[in-house]
Amino acid sequence: MPEEIEKPLMPFYLSLEEKMYSRPLYEAAFPEDTRKFVDYYYQYKIRDNEILALERDGGLASMLHLNPYTMIVNGYEVRINYIVAVATYADYRHRGYMRLLLEKALRDMALRRMPFTFLMPAREGIYAPFDFVWICPHTELPKRVEAMDSDSQNRYLASRYQMFCKRDERYMENQKAERRSEEGEAAEGKLPPYMARITDVCQMLRLVNSFREQVLYLHIRDAIIESNNGYFRWEVSREAGKVQRLTGAPKRTDLDLTVGELASMIFEGFRICLSELV
């Protein structure tokens with residue numbers, strides 16, 4: 001008999017009812033997480049998140065979670081996805097499944113006009129080829145700040161940082177539940193820094209301001225998100241940036257960058273506070 005050819009796999013989003021079927025893969029991929037923590041995650045975080053999955057041989061083979069946050073960036077509120085729980089069963093690894101999921105997720109976020117996404121990588125080498133770049137270390141907030149209500153925390157963060165996750169009722173509810181899940185557990189070692197990836201060049205550039213007013217002409221190259229490729233006129237000022245996509249090459253090009261190089265240039269100028277785990 002002829003050898004069976006593996007059919008092309010199509011990533012799909014799990015329904016709310018289907019999300020619980022991803023728990024065995026989560027537990028297999030992240031055995032360091034306690035049962036209490038996984039219970040917390042599957043009670044609280046999957047209420048609002050999206051789980052992008054691949055199915056093989058009648059079951060879930062690989063997944064990627066998109067956990068939503070409202071981010072404050074230079075005073076503007078934007079919806080951002082935190083990529084977590086990227087996992088594949090051992091029998092299905094090294095088949096390009098993670099690439100399928102990640103590229104699908106990045107393109108979908110671009111369609112939704114999300115300026116960027118972020119994650120805490122197990123290894124830099126996994127995500128650097130997808131134009132993720134380092135942006136900041138994990139920030140431990142003072143205990144007195146953690147004890148504040150949401151409004152007080154937001155004021156504290158806004159006075160010190162240009163970019164942070166906004167505290168609201170849902171955020172505070174999840175945070176309290178997460179702490180309960182960690183009670184009695186030994187503290188983990190030092191956490192790795194965060195990485196980020198621009199998903200919509202225009203939306204990202206609009207979030208940048210500067211004391212020095214200038215107009216720059218950019219040529220951006222993105223191997224994954226086609227809509228990010230091209231030439232842009234970027235007017236930077238004390239207020240939000242103004243961006244115009246150009247139909248052709250301008251008379252001058254000030255910066256010719258990959259989307260990863262653009263991300264490095266932008267984020268290295270931000271004061272960032274991130275303390276989210278999932």
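**Figure 1. Accessible surface of the protein chain in a predicted model.** The protein chain exposes about 14900 Å² (Shrake-Rupley method, 1.4 Å probe). Carbon and sulfur atoms supply 50% of this area. Of the 278 residues, 49% count as buried, meaning under 20% relative accessible area with a 1.4 Å probe, protein chains only. Because the model is predicted, local features need pLDDT of at least 70 and side-chain atom pairs count only at pLDDT 80 or more, while totals for chains, interfaces and linings use all residues. Residues are numbered from 1 along each chain as its sequence is written, and side-chain values use heavy atoms, with hydrogens and water left out.

**Figure 2. The largest nonpolar core.** This core has 60 residues; a nonpolar core is a set of buried Ala, Val, Leu, Ile, Met, Phe, Trp, Tyr and Cys residues joined through side-chain atoms within 4.5 Å. M71, I135 and F267 have the most contacts inside it.

**Figure 3. Surroundings of I135.** Neighbours within four places in sequence are left aside. I135 is then in contact (heavy atoms within 4.5 Å) with M163, Y194, M195, A196, F267, I272 and L274.

**Figure 4. Elements and extent of the protein chain.** The protein chain has nine helices and 13 strands, taken as DSSP runs (helices H or I, at least four residues; strands E, at least two). Its C-alpha trace spans about 65 × 60 × 30 Å along the principal axes. Among contacts between residues at least 6 apart in sequence, 71% join residues at least 24 apart.

How values were computed:
Buried means under 20% relative accessible area, exposed over 50%, partly exposed in between (1.4 Å probe, protein chains only).
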